[in-house]
Amino acid sequence: MLVLVDMDSVLADFEAAFEEKCRLTHPDFEFIVHEERTTFYLADSYPPEFRTMIVDIYKQPTFFHDMPVIPGGVEAIRQMADLGWQVFVCTHPFYINEHNFAGKYYWAETHIGKGWGERVIFASDKTMIRGDILIDDKPEISGVNQPEWEHIIFDRTYNRHVTGKRRLTWSNWREVLAP
Ligand SMILES: [Mg+2]
């Protein structure tokens, strides 16, 4: 089995990274309640007047290096690798922050393990990448190709409107992906 796993908000906690950085510079900023988030893009969950401030935080050089882990994700992909599955991290680059390339490489090497940086595929169009499954929190993924992979939704409040796709968390991945 060839497994592609998204990084942001699946393995790495992008939202927590934003909140940690934001607290340092804007201690009074009120964060949305995670369970009430309905938009895929975090910045869209806040009123437009905050967009510049939010984007400035995204642009910080260590934003991606410092993302906390989402519990269970790293263990799950290590276990998938132990099952003999080919696992790659497939992540859309964050073009407004050129440091994201180094940050995501560093993140994989540091949190998943030595050598995993080489398993990070940066893809502005994930339909260009072959695989059996793609685990991703984005509700719909499209591109120039008809994807070869099955999109398996990583369960988040903002993608619950999606039906007709398998859906998993890091607690139930073995049951969901069982043959
Ligand atoms: Mg994601």
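## Helix α3 and Asp-82

Helices here are DSSP runs of H or I with at least four residues, numbered from the N terminus. The model is predicted. Helix α3 covers residues 73-82, and Asp-82 belongs to it.

Asp-82 has a relative accessibility of 70%, so it counts as exposed; the cut-off is over 50%. Glu-98 lies 16 residues from Asp-82 along the chain. The C-alpha atoms of Asp-82 and Glu-98 are 33 Å apart.

## Strand pairing

Strand β1 spans residues 2-5, and strand β2 spans residues 86-91. They run parallel and are joined by four bridges. Val-5 has Val-89 in β2 as its bridge partner.

Strand β2 also pairs with strand β3, residues 120-122. Again the strands run parallel, here with three bridges. Thr-91 is bridged to Phe-122 in β3. Between β2 and β3 the chain passes through helix α4, residues 100-112. This β-α-β crossover is right-handed.

## The magnesium site

Which residues supply the protein donors of the magnesium ion? They are Asp-6 (OD), Asp-8 (O) and Asp-137 (OD). Along the chain, the donors follow the spacing D-x1-D-x128-D.

Are Asp-6 and Asp-8 buried or exposed? Asp-6 has a relative accessible area of 5%, so it is buried. Asp-8 has 14%, and therefore is buried too. The cut-off for buried is under 20%.

Key:
Residues are numbered from 1 along each chain as its sequence is written. This is a predicted model: local features need pLDDT of at least 70, side-chain atom pairs count only at pLDDT 80 or more; totals for chains, interfaces and linings use all residues. Side-chain values use heavy atoms; hydrogens and water are left out. Helices (H or I, at least four residues) and strands (E, at least two) are DSSP runs, numbered from the N terminus. Buried means under 20% relative accessible area, exposed over 50%, partly exposed in between (1.4 Å probe, protein chains only). Donors are N, O and S atoms within 2.8 Å of the metal (3.2 Å for Na, K and Ca); water is not among the atoms, so sites may look incomplete. Two strands pair if DSSP finds at least two bridges between them. A crossover is right-handed if, with the strands pointing away from the viewer, the path from the first strand over the helix to the second runs clockwise.
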